[in-house]
Amino acid sequence: MYTPEIKEKFVGLRAQGHTFDAISEQLGVGRQTLISWSKEHRVEIENQRELESEAHRDKYFANHQKRIEVIGTKFAQLLERADRQLADKYENISPERTLNLLLKYGRFLRAEERALYFKSTKKSISSEEEDIDD
C-alpha cells in the first residue's frame with residue numbers, strides 16, 4: 001500500500017520529533033496508520049533519535065573546543081602584548097586596557113573550560129549509570 005520510502009520518511013520525521021498530525025499532513029498518510037507504524041518501527045525511530053542526538057552532542061562539543069582554542073589564542077596574544085607593553089610604554093593602547101582585556105579573556109577561557117568540564121563529567125556520569133543498569 002505505502003512505499004518503503006514513505007515509511008523511511010516517517011521514521012526520520014518521527015525521530016526528529018514531529019507530531020503525528022504534522023507527519024500526516026506532510027506525507028498524506030492517516031494518523032492511525034502512523035501510530036501503527038510508530039509501534040512497528042519503534043526501535044528504528046529510537047536508534048535514529050539517538051544518532052541525531054549524538055550528532056548534536058558532537059557538534060556542540062566541537063564548537064565548544066573551537067571557542068576554547070580561539071579564546072586561548074587571544075589570551076596568549078594579549079599576554080605577549082602585555083609583556084611588550086611593560087617593556088615599551090609607547091604602544092597604541094594603554095597597559096591598563098591591555099590588562100583589562102587580559103582579565104576578561106581569562107574569565108571567558110575559565111568559563112568555557114568549566115562548561116566543557118561539567119559537560120564531560122555529566123556525560124561520564126551518564127555512562128557510569130548505564131554500566132550500573134546493565
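Buried means under 20% relative accessible area, exposed means over 50%, and partly exposed lies in between, with a 1.4 Å probe and protein chains only as cover. This is a predicted model in which local features need pLDDT of at least 70 and side-chain atom pairs count only at pLDDT 80 or more, while totals for chains, interfaces and linings use all residues. Residues are numbered from 1 along each chain as its sequence is written, and side-chain values use heavy atoms, with hydrogens and water left out.

**Whole chain**

The chain contains 5 helices and 0 strands; helices (H or I, at least four residues) and strands (E, at least two) are DSSP runs, numbered from the N terminus. Along the sequence the pattern reads α-α-α-α-α. Of the 134 residues, 22% count as buried.

**The nonpolar core**

Next, select Phe10, Val11, Leu13, Ala15, Phe20, Ile23, Leu27, Val29, Leu34, Trp37 and Ile45. These 11 residues make up the largest nonpolar core, where a nonpolar core is a set of buried Ala, Val, Leu, Ile, Met, Phe, Trp, Tyr and Cys residues joined through side-chain atoms within 4.5 Å. Colour the contributing elements: α1 (4-15), α2 (20-27) and α3 (31-40) each give two or more residues to this core. The largest share, 4 residues, comes from α1.

**Salt bridges**

Now display the charged side chains. The whole structure holds 4 salt bridges, each defined as a side-chain nitrogen of Lys or Arg within 4 Å of a carboxyl oxygen of Asp or Glu.

- Select Glu40 and Lys7, which form a salt bridge with their closest N and O atoms 4.0 Å apart. This pair links distant parts of the chain, since Glu40 is in helix α3 and Lys7 in helix α1, 33 residues apart. Lys7 is partly exposed, at a relative accessible area of 26%.
- Select Glu46 and Arg42, whose side chains meet in a salt bridge at 3.3 Å, N to O. Both residues lie in helix α4 (residues 42-87), 4 residues apart, about one turn of the helix. Glu46 is partly exposed, at 42% relative accessible area, and Arg42 is partly exposed, at 47%.
- Select Glu112 and Arg67, whose side chains meet in a salt bridge at 3.4 Å, N to O. The pair links distant parts of the chain, with Glu112 in helix α5 and Arg67 in helix α4, 45 residues apart. Glu112 counts as buried at 15% relative accessibility, whereas Arg67 is partly exposed at 35%.

**Along helix α5**

Move to Phe108, which is placed in helix α5. Is this side chain's residue, Phe108, buried or partly exposed? At 40% relative accessibility, Phe108 counts as partly exposed.

**The positive patch**

Finally, select Arg97, Lys104, Arg107, Arg110 and Arg114, which gather in a surface patch of positive charge. Such patches are made of residues with over 30% relative accessible area and no salt bridge, like charges being joined within 9 Å and nonpolar side chains (Val, Leu, Ile, Met, Phe, Trp, Tyr) within 5 Å. Lys and Arg count as positive and Asp and Glu as negative, while His and the chain ends are not counted. End on Arg114, found in helix α5 (residues 95-133). Arg114 is partly exposed, with a relative accessible area of 46%.

Methods. Areas by Shrake-Rupley, 256 points an atom, 1.4 Å probe, with all protein chains shown as cover. Charge placed at Lys NZ, Arg CZ, Asp CG, Glu CD.
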